[in-house]
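Work through the exercises below with the sequence and coordinates open. Each task is followed by a solution in steps.

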Amino acid sequence: EIVRSRRRAKRRYPRSKAQVIIDAAEDKARNGLKNLRVNDCMISERVSDRIWDLTSLEELSLAKNKMRKLSSKIEYLVKLNELDVSHNSLTQLPRQIADLSLLRTFNGSHNKFKKFTAFLFKCSKLETVNLEHNKFRRLPVTVGNLELLKATKQWEVGIGVLKNLKSLNLANNLFAIWPEQIERNAKLTDL
């Protein structure tokens, strides 16, 4: 008869770089952690769900990973004003990105976006949007969505509803025509 030890074996493999960063962030979160960078950590599927508990975050960078999907739980980071998901393999953004009402800077460059939800345009405080090096043929314009209509007071919701937009980088995409509604961005100085 074999008697099994009740003691847990020590971990043979070290924790991932991303997990070590998130653990340290949770420790600091008690003091109101504002910035978190989980860059170049080889995250492929998804980032740890524990990151969405860091509700005091104002800046989050998940750049230079291999992420294919951004969690819908991003909606919990209500104080976020800067989001960098550049240099990943993202093909879409979750609809919940619209809940980031304080978001001022979004960097989604160097991904695999062909299209994305117009709900990003609900983030009315956006000043800087970087979408260079993707696969866009056009930017989304959503017509008649009642939730967007209520939030933006616009029947057609596209890039033009971002009244605070100052910088928009769309370089190295597959645009055949000029993005619709771009002329509505009166504060746009960097294109």
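Helices here are DSSP runs of H or I with at least four residues, strands are runs of E with at least two, and both are numbered from the N terminus. The model is a predicted one.

**Exercise 1. Determine the order of helices and strands along the chain.**

Step 1. Count the elements: the chain has two helices and eight strands.

**Exercise 2. Describe the largest nonpolar core and the residues that touch the most other members.**

Step 1. The core has 51 residues; Ile 51, Leu 60, Leu 70, Leu 83 and Phe 106 touch the most other members.

Step 2. Helix 1 (residues 17-29) supplies the largest share of this core, three residues.

Step 3. Take Phe 106 and set aside its neighbours within four places in sequence; its contacts then include Leu 83, Val 85, Leu 93 and Ile 97. Further contacts of Phe 106 are Leu 120, Leu 126, Thr 128, Val 129, Asn 130 and Leu 131.

Step 4. For context, nonpolar side chains in soluble globular proteins tend to be buried together.

**Exercise 3. Locate the nonpolar patch on the surface and give its accessible area.**

Step 1. The patch is formed by Val 143, Leu 146 and Trp 155, which together have about 360 Å² of accessible area.

Step 2. Trp 155 sits in the loop between helix 2 (146-152) and strand 7 (156-157).

**Exercise 4. Classify Cys 41 and Cys 123 as buried or exposed, and count the disulfides.**

Step 1. The cut-off for buried is under 20% relative accessible area.

Step 2. Cys 41 has 9% relative accessibility and is therefore buried.

Step 3. Cys 123 has a relative accessible area of 0%, so Cys 123 is buried.

Step 4. The number of disulfides in the structure is zero.

**Exercise 5. Examine the positive phi values of Asp 40 and His 110.**

Step 1. Asp 40 is not a glycine, yet its phi is positive, about 55°. His 110, also a residue other than glycine, has a positive phi near 55°.

Step 2. Asp 40 belongs to the loop between strand 1 (35-37) and strand 2 (59-61). His 110 belongs to the loop between strand 4 (105-107) and strand 5 (128-130).

Step 3. His 110 has a relative accessible area of 27%, so His 110 is partly exposed.

Notes
Residues numbered from 1 in each chain as written. Predicted model: local features only at pLDDT ≥ 70, side-chain atom pairs only at ≥ 80, totals over all residues. Heavy atoms only, no water. Patch = residues over 30% accessible without salt bridge, like charges linked within 9 Å, V, L, I, M, F, W, Y side chains within 5 Å. Areas by Shrake-Rupley, 256 points an atom, 1.4 Å probe, with all protein chains shown as cover. Salt bridge = Lys/Arg side-chain N within 4 Å of Asp/Glu carboxyl O. Core = buried A, V, L, I, M, F, W, Y, C linked by side-chain atoms within 4.5 Å. Buried < 20%, exposed > 50% of the residue type's maximum accessible area, 1.4 Å probe, protein only. Contact = heavy atoms within 4.5 Å. Disulfide = S-S within 2.5 Å.
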